[in-house]
Amino acid sequence: MRDFDLSKWLKAQSTEVDAALNRFLPRATAKPSTIHKAMRYSIFAGGKRMRPALVLAAAEACGGNQDAAMPLACAVECIHTYSLIHDDLPGMDNDDMRRGKPTNHKVFGEGMAILAGDALLTQAFEIAAQCETSPRYPLKEVILEIARASGSLQLIAGQVADLEGEGQVISRSQLRYIHERKTSALLACSVRLGGMSARCSPMQLQALTEFGYNVGLVFQVIDDILDVTQSSETLGKTAGKDVKSGKATYPSLIGLEASRKVATVFTRKAFEALHPFRGRAIALESIARYLLERDR
Ligand code: GRG
């Protein structure tokens, strides 16, 4: 931990992930070129690549290798990017800025942005289907893992509850329900996929699930705090939108200070989940710390 340079590690992983995504996605010139340009526009707009990093870090913690984990790292990034494109649409959050750039629909129009999201979601499964599998985690398990995390009981359920909760008074447990689905589901899926690519033991898979679930909650609480405390420029997306749209968040429910404490508690639980790895999950530990301390 002492000598581990997370920013160097993240940069190196991002370079590899970008190169792999470039290979997996159809060329921008492939017909019909508009859709491929739109998909590539958002994929390469400069995201933090946190979900691929979690896939690769979990694989490493379980003694796996980058080559086996890479298709799964790229698949989760495609799902994540699709969800951002659709979340920004006029019918959802109606946002103009994402990843420091105009949103997909601002550049390509609403219809094309819907299609770019659809195409990235489909692309994710095409990429995932190319991963190496094992008797312990056959392809069916891997595909089910991604489908369940991004389906109507998890990721989409979170978005539904988020949409329906706008302008409503919602309880802390309802907020937790939203965060578990909107954010934790894909983060937990990411670390689980990394573990599966490394043929992890059932005990390791359980530990990764617990870890991913808790860092997902940290991620969302901090995201909500940053929405209040940071500028749009720093975040690369419109800041202050939660208050404006009457969205329930931890800061609006319990205040900033208490929200930070909640994030610290979830981080502690995430660290505890890593005990079975006995110090071999250095990148995961470091990512958990970064997710708590990040300022953008
Ligand atoms: C299925 C349309 C649809 C939505 C599902 C994921 C989601 C719900 C909505 C996207 C917007 C949102 C607030 C998601 C919660 C998770 C989150 C804070 C995403 C932003 O992730 P970052 O900060 O983004 O990792 P970058 O751009 O760095 O990849």
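Helix 4 contributes the most to the shell around the ligand, with six residues. The model is predicted. In it, the ligand sits in the largest pocket, and 18 residues surround the ligand.

**Shell around the ligand**

- The closest of the surrounding residues are K48, R51, H80, D87 and R99.
- By class, the shell is made up of seven polar, six charged and five nonpolar residues.
- At least two shell residues come from each of helix 4 (66-87), helix 8 (155-165), helix 9 (172-197) and helix 10 (202-229).

**Polar contacts and cover**

- K48 places a polar side-chain atom 2.5 Å from an oxygen atom of the ligand.
- For H80, a polar side-chain atom lies 2.7 Å from an oxygen atom of the ligand.
- R99 likewise has a polar side-chain atom 2.7 Å from an oxygen atom of the ligand.
- On its own the ligand has 710 Å² of accessible area, and the protein covers 93% of that area.

**S252**

- S252 is part of helix 13, which spans residues 250-254.
- The side chain of S252 reaches the backbone nitrogen of T249 at a distance of 2.9 Å.
- Between S252 and D223 there are 13 Å in space, C-alpha to C-alpha, and the two are 29 residues apart in sequence.

Terms used
Residues are numbered from 1 along each chain as its sequence is written. This is a predicted model: local features need pLDDT of at least 70, side-chain atom pairs count only at pLDDT 80 or more; totals for chains, interfaces and linings use all residues. Side-chain values use heavy atoms; hydrogens and water are left out. A residue is near a molecule or strand if one of its heavy atoms lies within 4 Å of it. A polar contact is a pair of N or O atoms within 3.5 Å; within protein, one must be able to donate a hydrogen and the other to accept it, and residues adjacent in sequence count only if both atoms are side-chain atoms. Accessible areas come from the Shrake-Rupley method with a 1.4 Å probe; for residues, only the protein chains shown count as cover. On a 1 Å grid over the protein atoms alone, a cavity is a set of points where a 1.4 Å probe fits but cannot get out, and a pocket is an open set with protein on both sides within 12 Å along at least five of seven lines; lining residues have an atom within 4 Å of a point. A molecule sits in a cavity or pocket if more than half of its atoms lie within 2 Å of its grid points. Helices (H or I, at least four residues) and strands (E, at least two) are DSSP runs, numbered from the N terminus. Ala, Val, Leu, Ile, Met, Phe, Trp, Tyr, Cys and Pro count as nonpolar, Asp, Glu, Lys and Arg as charged, and the others, Gly among them, as polar.
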